[in-house]
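Dear colleague,

Please find the structure below, handed over for your reference. A short account of what was found in it comes after the display.

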Amino acid sequence: MTTWHTTPTPVGETPWGFPDVEDWPDDDFIAAGADLAPATLIAAYRRGLFPMPVDEPPVLAWWSPNPRGILPLDQLRVSRSLSRSAKAFDVRLNTCFEQVMRRCAYPPRRGAWIDEAFISAYSALHAMGWAHSVEVFDADGVMAGGLYGVKIGRLFAGESMFHAQRDASKVALMGLVAQMRADGMTLLDVQWKTEHLATLGVIDIPRVEYLTRLKDALS
C-alpha cells in the first residue's frame, strides 16, 4: 500500500452549530439538518458525530451511537483461513475512492444511505485529503472488496465496506489496521457493533469513553 495524503486541505469553519455534548440525548440520534459540506462533515467527526439520513423524503440526521463500536488495533482477529485468503489479494490505498463508495452503495437496498449526494460529498473530502479508501484486488486485477472512511489526526472513522469475493472486505480491514498501526494511529471507529464485526474483534464502549478516546486521537 501507499500512504495517506500528507496534509489535508483546510476546510474552514462550518456555519452550522451542533448541540453541546451536555445536551445530547441518551439514544443514538443527536440532531437533524445542516449540510454535507466539507467543513460541516469534519466539524461533525471532530465532535463524535456522523451523518446518515432518515425518513421519506430523507432528512439529514447526525448520530453518535451509545454505546459506540470500535476496533482496538491490537485486537483484530485474523483466523488461519483469513490469513491464507489474504495472500491471494493485493491491498491498495486511495486508488479508486469513488468506485469503492459506489460498490458499497450497490445493490440498492432498504435503509441504504449512500446516494449521489453522499458520494459527491465524500469524494470532495477525498480530493482534499480527509477521506480515504482501502481496495482489495484479486490476481486478475479485479477489485474484490474495499472500505472507506475519514481520517482526522489519529482517528479513522470507518463508513462502509463491501466484498465481491469471499474474505475481501476482511482483508481490506486487515490492510487498514496495518496502515493505522504503522502510522501511530489510535482509534478505529466503526459506529455500531454488528455480529459480523464482533467476530473480527469489534467491541462496544460507552459514548463518554469514545469521546474521551476521540479527544486524545485528535490532540
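This is a predicted model: local features need pLDDT of at least 70, side-chain atom pairs count only at pLDDT 80 or more; totals for chains, interfaces and linings use all residues.

Residues are numbered from 1 along each chain as its sequence is written, and side-chain values use heavy atoms, with hydrogens and water left out.

Helices (H or I, at least four residues) and strands (E, at least two) are DSSP runs, numbered from the N terminus. Buried means under 20% relative accessible area, exposed over 50%, and partly exposed in between (1.4 Å probe, protein chains only).

Backbone features

The peptide bond that runs from Asn66 to Pro67 is cis, and its omega is near 10°. Pro67 itself belongs to the loop between strand 3 (61–63) and strand 4 (68–70).

Asp167 is not a glycine, yet its phi is positive, at about 70°. This residue sits in the loop that leads from strand 8 (155–163) to helix 5 (168–182). Asp167 is buried, its relative accessible area being 12%.

A positive phi, near 75°, is also found at Gln191, again a residue other than glycine. Gln191 is part of strand 9 (residues 187–191). With a relative accessible area of 5%, Gln191 is buried.

Thr95 lies in the loop between strand 5 (90–93) and helix 3 (97–104). Its relative accessibility is 46%, so Thr95 counts as partly exposed. Apart from neighbours within four places in sequence, Thr95 is in contact (heavy atoms within 4.5 Å) with Ser133, Glu135 and Phe137. The side chains of Thr95 and Glu135 are joined by a polar contact of 2.7 Å. A polar contact is a pair of N or O atoms within 3.5 Å; within protein, one must be able to donate a hydrogen and the other to accept it, and residues adjacent in sequence count only if both atoms are side-chain atoms.

Helix 3

Which residues of helix 3 are buried? They are Phe97, Val100, Met101 and Cys104. Seen down the helix axis, the buried residues of helix 3 fall within an arc of 100° (taken from the directions from the axis to the C-beta atoms), so they line one face of the helix. An α-helix has 3.6 residues a turn, so residues three or four places apart point the same way. The buried residues of helix 3 pack against helix 4 (116–127), strand 6 (131–137), strand 7 (143–152) and strand 8.

With kind regards
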